[in-house]
Amino acid sequence: MAFSLAQLIKARQADQYDLHMKYISPHMARVQQIIGFDKIYTRGEGAYVWDADGNRYLDLLAGFSVFNLGRNHPAIKQAMIEFLSRDSPTLIKMDCPLLAGLLAEELVKRMPPGLDAIFFANSGADAVDTAIKFARYATKRPRVVYLDHSFHGLTLGTLSINGGEGFKKGFEPLIPGTTMVAMNDLETLEKELRKGDVAAFIVEPIQGKGVYLPQEDYLPEAQRLCRKYVTQFICDEVQVGLGRAGKFLCCEHWKLEPDMVTIAKSLGGGYVPVSAVIMRREINNKVFGHLKRAQVHSTTFGQNDMGMADRRDRSGSRLPGPPSKRLRRASSPSWW
Ligand SMILES: Cc1ncc(COP(=O)(O)O)c(C=O)c1O
């Protein structure tokens, strides 16, 4: 008998919480039961999901922010269907896939001036880890400064720049050379940067965990200090980018011009895990700066066609169109 996903789901749907109890995370399954979230969801559309009894729920969690355009957006779904029907020879790896190039081209149009080189990764943490590596390599400095209350992911690298203790406990030792400073405390930030060994200062323009906003002048001043001490200024837009804060990138609210930006989550249209680091060309050139170094940083599923395909330009756009003034390209800042 031919395999049928629909039949498999129908036959086993009732087992889903037991399977998780047995094989995946009994504690997480138990939490769902305790708080009454142990539903069987059967359909999702836009901002809503439906359970097996036909009850409709407004989903404010949105897959931890991967559904900026809602679940199963028709334009994105159509791109996925079209992609699958093409029998694409994806992941050749020793080629330069068109769709990755096209997505890069569209993203660059929407970036602050000077950000015109892209690395595609798989998750938000993967992108942030990449940015840290690249900052270290490009500056030849070891340290990273981050903010109190920050959240950049839960890999070993990103855990090392987590602004809370809860996630870290028991996983030490984390990566060395990271220093936490308080948001809005420019004096302490400058004290750290002045030491001359800080590769990067990383911020979420609005902090997702707790929703902390900086004082109006904090981010522009922090960027100015980074320029002064030749430290990379990284905006982690994984949570608040891609339209979630009202502009394509949240850092646009302060007209910031970071050296690197990380994005993820709804970049995959709610279907495919995809992330990206968008950086100044100089950074990319330094990291990959020789034919022998062309693969010095890579990931197996990076640039995969399916992740790159779920892009739409105008109607039903996954990537909102760029305002025309943003098309200007600026040369690199003189401090580089
Ligand atoms: C600001 C920020 N950076 C990075 C991450 C990590 O992303 P991921 O869970 O895809 O690894 C998150 C996740 O919520 C985040 O909010």
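Let's start in the sheet, where strand E8 (residues 232-236) and strand E9 pair in the parallel sense over three bridges. Pairing here takes at least two DSSP bridges between two strands, and the strands (E, at least two residues) and helices (H or I, at least four) are DSSP runs numbered from the N terminus. Before going on, note that this is a predicted model, with local features needing pLDDT of at least 70 and side-chain atom pairs counting only at pLDDT 80 or more, while totals for chains, interfaces and linings use all residues. Residues are numbered from 1 along each chain as its sequence is written.

Now look at E9 (residues 260-263) itself. Met260 and Thr262 point one way, Val261 and Ile263 point the other, and all are buried. Buried means 20 or more other C-beta atoms within 10 Å of a residue's own, exposed means 12 or fewer, and partly exposed is in between, with C-beta atoms placed from the backbone. In a regular strand, side chains alternate between the two faces of the sheet.

Follow the chain out of E9 and you get to valine 272, in the loop between E9 and E10. Why does valine 272 count as buried? Because 20 other C-beta atoms lie within 10 Å. Leaving aside neighbours within four places in sequence, valine 272 is in contact (C-beta atoms, placed from the backbone, within 7 Å) with Met306, Gly307 and Asp310. Its C-alpha atom is separated by 8.8 Å from that of methionine 308, 36 residues apart along the chain.

Isoleucine 175 counts as partly exposed because it has 15 C-beta neighbours inside 10 Å. Its contacts, again leaving aside neighbours within four places in sequence, are Leu156, Gly157 and Ser160.

Last stop, the ligand. Of the 14 residues around the ligand, Gly124, Ala125, Gly153, Val238 and Gln239 come nearest; a residue is near when its C-beta atom, placed from the backbone, lies within 6 Å. Helix H7 (residues 124-139) gives the largest share of this shell, three residues. By type, the shell divides into six nonpolar, six polar and two charged residues, where Ala, Val, Leu, Ile, Met, Phe, Trp, Tyr, Cys and Pro count as nonpolar, Asp, Glu, Lys and Arg as charged, and the others, Gly among them, as polar.

Definitions and conventions: Two residues are in contact if their C-beta atoms, placed from the backbone, lie within 7 Å.
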